Amino acid sequence: MSENKMLRRFPAHRLEGALRFSAHEVRVGTEAPDFTLPDLSGKTVWLSSYRNKSNVVLMFGSVTCGATATQLRVGKPSIRSVYGRYKKKGFEFFLIYTKEPHPGEKIPQPTTIEERVKNAVRLKQEEKVNFPILIDTQNNAVRNVYRGWANGIFVVNKDGVLVFRSSWTHGPELAQVLHDLHTWEKAQARNELVRVCYSERLVGLLRNKKISASVHRRAGPQAAQDFVQLLDAEGKIG
């Protein structure tokens, strides 16, 4: 596979892709788009039902996304551990299970919701996901609204306002965001003066070497080989 073909196949690894994400209309400081999705038990979850009750973390992911697996399991801190730290501090976490970024011979792209649920159950079991998993629609409606990519992450505060978004989930970054949000809320409760800051950044996250192993195991060797070749072409291996 040529470098151009690989870049087209993995647009999330290009600078242009990150800039497209930054320009999307769902921006920090705006009301988070509401949605209704079922969890693995079939229970319906409305994002708006948490208004004035909880802050909400929305993490997109799937079983063939190596970044999903590594951030859940071995990030420093992992998303599982961040959830354990903040679940009693007024934060709800949801993993929105969306389309497979690396379908292969072992796990093809689901053609039915039932097949997507089966893959979501596999992710929950293999990665010991300790917070609810919601099933995106067959046409990936919620991912399309949020531009969640394969592993995007968003934080919605108790007022229903989007206060953080990133095209990739990264445990240390999320942990800092939630710490700052929780500190902000405690200061407001004490009627302390709070300086509100808006900031943006564009960063490159080094790949975790366990990603390729996870992709190989779940999606098949060709998908993993293509993924590693892309990273090598971009100088991210070595």
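In which sense do β3 and strand β6 pair, and over how many bridges? In this predicted model, β3 and strand β6, which covers residues 153-156, are joined in the antiparallel sense over four bridges.

**View 1. The open sheet and its strand order.** Five strands make up an open sheet with the order β5-β4-β3-β6-β7, and the pairing within the sheet is mixed. The edges are taken by β5 (133-135) and β7 (162-166), each of which has a single partner strand, so one side of each is left without a neighbour in the sheet. From one strand to the next, the twist averages 20°. Where β3 meets β6, the pairing is antiparallel, and V56 stands opposite V156 in β6.

**View 2. A helix lying across two strands.** Helix α4, formed by residues 79-86, lies across both β3 and β4 (91-97), and the helix runs at about 150° to β4. In the loop between α3 (66-73) and α4 lies P77, and the peptide bond that joins K76 and P77 is cis, with an omega of about 5°.

**View 3. Aromatic pairs around Y146.** The structure holds 11 aromatic pairs, and one of them is formed by F60 and Y146, whose rings are tilted, with 6.4 Å from centre to centre and 45° between the planes. Because F60 lies in strand β3 (residues 55-61) and Y146 in helix α6 (residues 141-146), this pair ties together parts that are 86 residues apart in sequence. F60 has a relative accessibility of 0% and therefore counts as buried, while Y146, at 1% relative accessibility, counts as buried as well. Y146 also forms an edge-to-face pair with F154, in which the centres are 5.1 Å apart and the planes make an angle of 70°; both Y146 and F154 are buried.

View 4. Ring pairs link F21, F35, F60, Y146, W149 and F154 into a cluster. At F21, one of the members of this cluster, the charged end of R165 sits over the ring, 5.0 Å from the ring centre.

**View 5. Two loop residues with positive phi.** K128 is not a glycine, yet this residue has a positive phi of about 50°. The place of K128 is in the loop between α5 (113-127) and β5, where K128 is exposed, with a relative accessible area of 58%. N191, which is likewise not a glycine, has a positive phi of about 60°. This second residue, N191, is found in the loop between α7 (171-189) and α8 (210-219), and N191 is exposed, with a relative accessible area of 73%.

View 6. A search of the whole structure finds zero disulfides. Are C65 and C197 buried or exposed? C65 has a relative accessibility of 3% and so counts as buried, whereas C197, at 64% relative accessibility, counts as exposed.

Technical notes. Residues numbered from 1 in each chain as written. Predicted model: local features only at pLDDT ≥ 70, side-chain atom pairs only at ≥ 80, totals over all residues. Heavy atoms only, no water. Phe/Tyr/Trp six-rings, centres within 6.5 Å; stacked < 30°, edge-to-face > 60°. Buried < 20%, exposed > 50% of the residue type's maximum accessible area, 1.4 Å probe, protein only. Lys NZ or Arg CZ within 6 Å of the ring centre and 35° of its normal. Disulfide = S-S within 2.5 Å. Pairing = 2+ DSSP bridges. Axes fitted to C-alpha atoms, helices over the stretch in contact; angles between N-to-C directions. Contact = heavy atoms within 4.5 Å.
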